[in-house]
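Open the model in a viewer with selection by chain and residue number. The stops below go from a whole chain down to single residues.

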Amino acid sequence: MIDRLKNINISKILITSLLLWILIGFILYPTLRTFSVSVHSQGDISIINYLKVLETDAHFTAIKNTVVLGLLTVLICGVIGTALAFLVHFFELPYKRVIDKLLMMPLVLPGLIIVFAFVQLYGESGLITKTIQNIFNLKEVPFKFSGLSGILLVHAYTQYVYFYMNVSIAIKHIDQSSLEAAKNLGASRFTLFKSVIIPFIKPALIASSIITFMTGVGSFSAPSIIGGSFKVMTTQILLAKANNFMGLAASQVIILTVISIMYLVVFRYYENKVTFVSQVKGVKISPIAINNKITRNVLYAILIILVVIIILPILTIIVLSFVKPGTWMVDIYPREFSFDNYVKIFSKSRAFAPFINSIAISLITAVSCMIVALPSSYIIVKAKSKWKVFIEFLVMLPWAVPSSAIAINMINAFNHPTIFTGENVLVGSYILLPIAYFVSLLPLMVRTTTISLHNLNDDYIDAAKSLGASRWKTLKNVIVPFLYPGLLTGFSFVIIRSIGEYTLSAFLYTTSNKPISIAMVNGIFEYEIGLAMAYGALVVLIAFVGNLFINKIRKY
Amino acid sequence: MAFVEFRNIKKIYGERAVCQNINLQINKGEFFTFLGPSGCGKTTLLRLLAGFIFPEEGKLFLNGQDITTLQPEKRNVGMVFQNYALFPYMTVYENIDFGLKINKIPKKEREKKIKEYLEIVNLEGYEKRSISELSGGEQQRVALARSLVVKPEVLLLDEPLSNLDARLRDKMRAELKDIQSKLGITTIFVTHDQTEALSMSDRIAVFNKGQLIQIGSPNEIYLEPVNSFVASFVGETNLFEVKIVGNKAYVTDEFILSLPKKLDGKFVSIRPQDVILSKSQPLDGGYKGIIEEIKYNGTLIEYTIKCNNIILKAVQINNYKKKSLISIADSVYINIDSQCIKVLKY
Ligand SMILES: Nc1ncnc2c1ncn2[C@@H]1O[C@H](COP(=O)(O)OP(=O)(O)O)[C@@H](O)[C@H]1O
Ligand SMILES: [Mg+2]
């Protein structure tokens with residue numbers, strides 16, 4: 001008995017130490033390292049890097065632009081996402097479930113692919129742009145898809161989903177009785193909205209605004225490809241890195257991280273203030289029927305347009321992936337289609353390598369995320385370890401750090417030998433990219449595992465034991481069935497997020513691990529649109545399969 | 001004239017009428033109870049009166065005014081919800097203030113009223129509490145105060161005691177009744193618990209499957225049920241399907257009850273307290289039975305007796321003088337006064 005206790009204790013200490021080693025080595029140390037680089041200049045401590053950022057017009061404008069972009073993204077996505085959530089969940093609607101699923105789709109589509117699809121549709125020589133120009137016989141292009149408005153359009157498409165998702169859940173939790181109680185006390189429609197509906201969805205609004213802001217200021221694909229003269233910090237950081245101004249890059253990373261975390265802290269505080277516990281069991285609201293025929297038809301029309309807008313980019317990618325190479329130069333619409341692009345990817349090793357790289361890196365990332373997330377969430381949820389808070393802080397930290405910042409942290413940390421890497425230099429090696437993916441996606445994995453672990457009430461384990469189940473049986477028949485939906489969901493999400501990842505890749509890829517996103521960008525710049533779109537279509541395919549898989553997983 | 005009136009009300013959900021032919025008149029100041037099993041349409045009737053839903057047929061009147069199509073916020077009907085529906089993001093004070101604010105009552109006056117009503121519901125000093133810090137009973141009182149403070153013409157209570165534990169329920173029952181009679185507010189109380197209905201109401205309406213079955217004082221409902229449903233739903237009873245020939249009611253061919261006079265009907269109902277048990281044979285014969293089960297519940301002792309293949313329930317007061325001499329498997333004689341047999345048509 002005592003021996004066994006000893007064994008448990010030793011393995012506990014061993015696992016905790018190993019975990020701390022990994023988290024400190026790959027999350028905390030790189031962050032601190034970047035900070036240290038940012039406050040050094042030619043070997044001395046100095047704030048010259050920060051002064052440079054703040055005093056150079058171009059850099060300072062980038063800071064301003066980043067904040068503006070973040071706030072406008074929140075505003076636009078907030079309006080769109082909230083309106084859609086109400087439209088779908090507050091009113092009676094045909095095909096509600098299908099529309100809901102469709103509206104969630106941008107969650108699994110990599111930003112880079114959306115950017116390219118949008119360029120093909122709304123860019124200077126885009127399909128929609130040219131079509132409109134033709135129909136109305138315009139000399140000039142009707143709109144410009146670039147700069148701030150272009151980025152915002154992409155953000156609106158890719159990020160409304162956070163608001164949509166959270167507000168939808170909140171709407172479902174509005175208590176019908178509370179609405180009726182308010183009416184009963186004489187509340188007008190306006191008061192009802194202001195005093196009952198808004199308080200119910202406010203926590204969701206704030207939570208969504210946090211994730212949207214952080215994604216907005218950390219956005220890289222859209223600004224780097226269609227930003228044009230609208231410079232933001234993420235692109236400036238890449239520029240500094242490309243020119244090997246690591247001190248400058250580091251100080252920009254620190255500023256960007258601080259902006260992101262500041263918003264998080266302020267709004268988290270505010271969120272906690274407006275979040276409430278509802279003690280009694282609420283009565284679910286029943287969707288409101290729209291009886292006015294005109295209003296209803298207008299709503300349906302809006303919905304149909306929305307559905308088209310959402311599907312169009314994906315359709316574009318798929319159609320264009322079949323365009324015969326070298327046939328689509330001057331025409332508005334492509335005419336010749338073939339499987340050539342796919343044949344090329346699967347038969348030419350140079351074209352096939354990125355596909356394999358992405359799959360390999362995604363798998364490495366997902367497996368390592370799972371291995372690290374499992375003990376981490378166990379310690380966070382169940383254990384009474386004194387390291388609990390510290391571990392939770394470390395695993396969630398990358399959530400608030402933009403990808404470009406994580407990339408710079410990796411370079412700063414591993415461009416020289418460290419004890420965490422067995423005295424190896426990782427910059428330039430294959431493994432640095434998967435490590436960066438791992439760091440940036442660990443919070444996602446930990447989230448899903450923690451939720452499952454929360455569901456695994458200790459009573460179940462006790463019940464199993466009291467029914468005579470052995471340790472092994474308990475693990476196999478109780479613990480694993482509870483955890484596996486969460487683990488599988490997290491695993492699939494990590495794969496989906498990794499397969500089309502662009503930001504980290506742009507900073508860290510080498511010839512040995514060039515991923516699909518980089519190959520896609522190269523394809524575009526070499527005018528191999530069809531090839532690029534074929535890569536894109538493969539990513540979309542994998543994302544959909546993954547998503548389908550997630551939907552199939554049994555949830556408790 | 002009636003203060004609240006349901007006139008020929010019918011409500012349809014989908015294809016199904018969940019209540020129909022409802023005609024009810026409630027007087028000013030009355031404590032009126034809707035009693036019926038779960039799903040019989042009680043909540044639906046309250047929601048119709050409050051204006052959250054509208055009837056397919058019929059009219060609703062409040063204080064002489066036709067309110068059938070009036071929006072809920074225009075009705076001045078106060079409702080306490082089954083789950084209380086307190087706004088979870090507001091304090092106790094803000095919850096009670098909600099309706100007053102909407103009515104644009106000056107702040108000073110609001111403060112005074114809130115204090116007054118918190119006192120009425122025995123929650124002095126709870127102003128700053130958040131809803132999640134309250135017990136079930138306290139939430140219930142806040143909900144009551146919130147409804148009462150705006151001075152509704154009629155107060156609707158939807159199973160207000162159902163979420164409380166037994167002990168608290170008894171206490172709140174008395175308190176609720178007390179507040180109601182102090183304020184003299186016309187009240188419609190919904191419950192599926194017959195004890196609650198009998199002990200609190202001025203009058204009761206019994207519902208079943210969307211139909212109004214009987215209206216009457218608690219005593220009338222208990223003693224003069226109009227049919228077998230009311231007889232068995234309100235209070236314990238021995239209900240038998242019988243064949244009546246002359247002034248004899250045949251439960252079986254062996255178990256025959258004599259009626260006070262020739263009556264027509266299909267059922268008889270005998271309250272357990274009217275089934276008299278004795279160890280020795282009474283003068284007029286009586287039936288012999290075997291005690292199958294005895295249940296003590298403090299004041300009363302309940303017996304289950306098997307007699308000629310039928311099962312009878314009887315109760316006796318559990319007092320010292322009559323200290324029970326009957327135990328399980330004893331044979332006893334059963335005597336039923338013909339005056340205590342209630343004959344029912346259906
Ligand atoms: N919104 C609704 N849609 C359809 N059926 C409903 C709705 N509300 C209540 N019902 C049905 O109407 C009947 C009466 O319900 P209710 O008035 O809540 O009963 P009670 O309060 O007496 O338990 C039930 O059969 C219930 O299922
Ligand atoms: Mg009910």
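Select chain A, whose secondary structure comes to 23 helices and two strands; helices (H or I, at least four residues) and strands (E, at least two) are DSSP runs numbered from the N terminus. Its radius of gyration is 25 Å, close to the 24 Å that the globule rule gives for 556 residues, so chain A is as compact as a globular protein of that length. That radius is taken over C-alpha atoms, and the globule rule is 2.2 Å times the number of residues to the power 0.38. Along the principal axes, the C-alpha atoms of chain A fill a box of roughly 85 × 70 × 50 Å.

This is a predicted model, in which local features need pLDDT of at least 70, side-chain atom pairs count only at pLDDT 80 or more, and totals for chains, interfaces and linings use all residues. Residues are numbered from 1 along each chain as its sequence is written, chains are lettered from A and ligands numbered from 1 in the order in which they are written, and side-chain values use heavy atoms, with hydrogens and water left out.

Keep chain A selected and colour by burial. Of its 556 residues, 51% are buried (under 20% relative accessible area; exposed is over 50%, partly exposed in between; 1.4 Å probe, protein chains only). Among the contacts (heavy atoms within 4.5 Å) in chain A with a separation of 6 or more, 77% are between residues 24 or more positions apart.

Next, pick A:Val389, in helix 16 (residues 388-400) of chain A. Is A:Val389 buried or exposed? A:Val389 is exposed, with a relative accessible area of 64%.

Move to chain B and select residues 92-102, which form helix 2. Eight of its 11 residues are buried, so helix 2 of chain B is largely enclosed by the rest of the structure. The buried residues include B:Val92, B:Phe98 and B:Ile102. Show helix 8 (176-184) and helix 9 (189-218) of chain A, then helix 3 (107-120) and helix 4 (136-148) of chain B; these are included in what covers the buried residues of helix 2 of chain B. Just after this helix, B:Lys104 takes a positive phi of about 55°.

Finish at strand 1 (residues 4-13) and strand 2 (residues 16-26) of chain B, which pair in the antiparallel sense over seven bridges (pairing requires at least two DSSP bridges). B:Phe6 stands opposite B:Leu24 in strand 2 of chain B. The hairpin of these strands has two residues between them, and B:Gly14 there takes a positive phi near 65°.
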